[in-house]
Amino acid sequence: MTEKLYRVGTIVNTHGIKGELRIIPITDFPEDRFKAGAKLYLKNKDQVTEFTVESSRPHKSFILLKMKGYDNINDVEKYVKSELFADGEEISDLNEGEFLYKQIIGLTVVDKDLGEIGKVTEILELGSNDVWVVKGPKYKEVLLPYIADVVKEVDLDNSVVNVEIPDGLID
């Protein structure tokens, strides 16, 4: 397999006795990545195993995933604590103002008054809106809510995010 694989989830446990797996999703589009018929890959040392999703459903903060051909808890127990990967093809069209995580991570964050804040290192999904973790030499860690009042412009061509940080967000 030559295409690049992207990590899309971690198998944290089994669910029930019929081969379902409990997944913590790490992806922009869980509804696409884990839909029936999607191809997923499991890396184990130098071996890559391909799976086809039979079904999936949200459950609390997890996704319950059933893979074709794995109908018993004994078939899937060995995959607990494994990482799931996808090949990047199952992506929905993005709307205006929507970005893939991989497009945002690494961008330089600049405030018109404070100057350069740092680079986006991580994106946290916290219910009502995402929070971008920004780290830099001047400020150790800044948690930026991804809302219109704060994130003014994402300029992918120049790898810059222009922001207006409200008073009290940075010490």
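This is a predicted model: local features need pLDDT of at least 70, side-chain atom pairs count only at pLDDT 80 or more; totals for chains, interfaces and linings use all residues.

Tutor: Residues are numbered from 1 along each chain as its sequence is written, and side-chain values use heavy atoms, with hydrogens and water left out.

Student: In what order do the six strands of the open sheet lie?

Tutor: Strands are DSSP runs of E with at least two residues, helices are runs of H or I with at least four, and both are numbered from the N terminus. Two strands pair if DSSP finds at least two bridges between them. Here the order is β10-β9-β8-β7-β12-β11, with mixed pairing. β10 (142-145) and β11 (151-155) are the edge strands, each pairing on one side only.

Student: How many bridges join β7 to β8?

Tutor: Four bridges join β7 (residues 108-111) to β8 (residues 115-126), and the two strands run antiparallel. Thr-108, for example, has Lys-119 in β8 as its bridge partner.

Student: How is a pocket found?

Tutor: Rolling a probe the size of a water molecule over the atoms shows where empty space is left. On a 1 Å grid over the protein atoms alone, a pocket is an open set of points where a 1.4 Å probe fits, with protein on both sides within 12 Å along at least five of seven lines; lining residues have an atom within 4 Å of a point. Grid points are joined across faces, edges and corners, and the volume is the space filled by probe spheres set on the points.

The largest pocket holds about 510 Å³ of space. It has 18 lining residues, of which Arg-7, Ile-26, Thr-27, Asp-28 and Tyr-101 are the closest to its centre. β8 gives the most to this lining, with four residues.

Student: Which residues lie nearest the centre of the second largest pocket?

Tutor: They are Asp-28, Glu-98, Phe-99, Tyr-101 and Asp-130, among 15 lining residues. This pocket holds about 290 Å³.

Student: Is Lys-81 buried or exposed?

Tutor: Buried means under 20% relative accessible area, exposed over 50%, and partly exposed in between (1.4 Å probe, protein chains only). Lys-81, at 70%, counts as exposed, whereas Ser-159, at 34%, counts as partly exposed.
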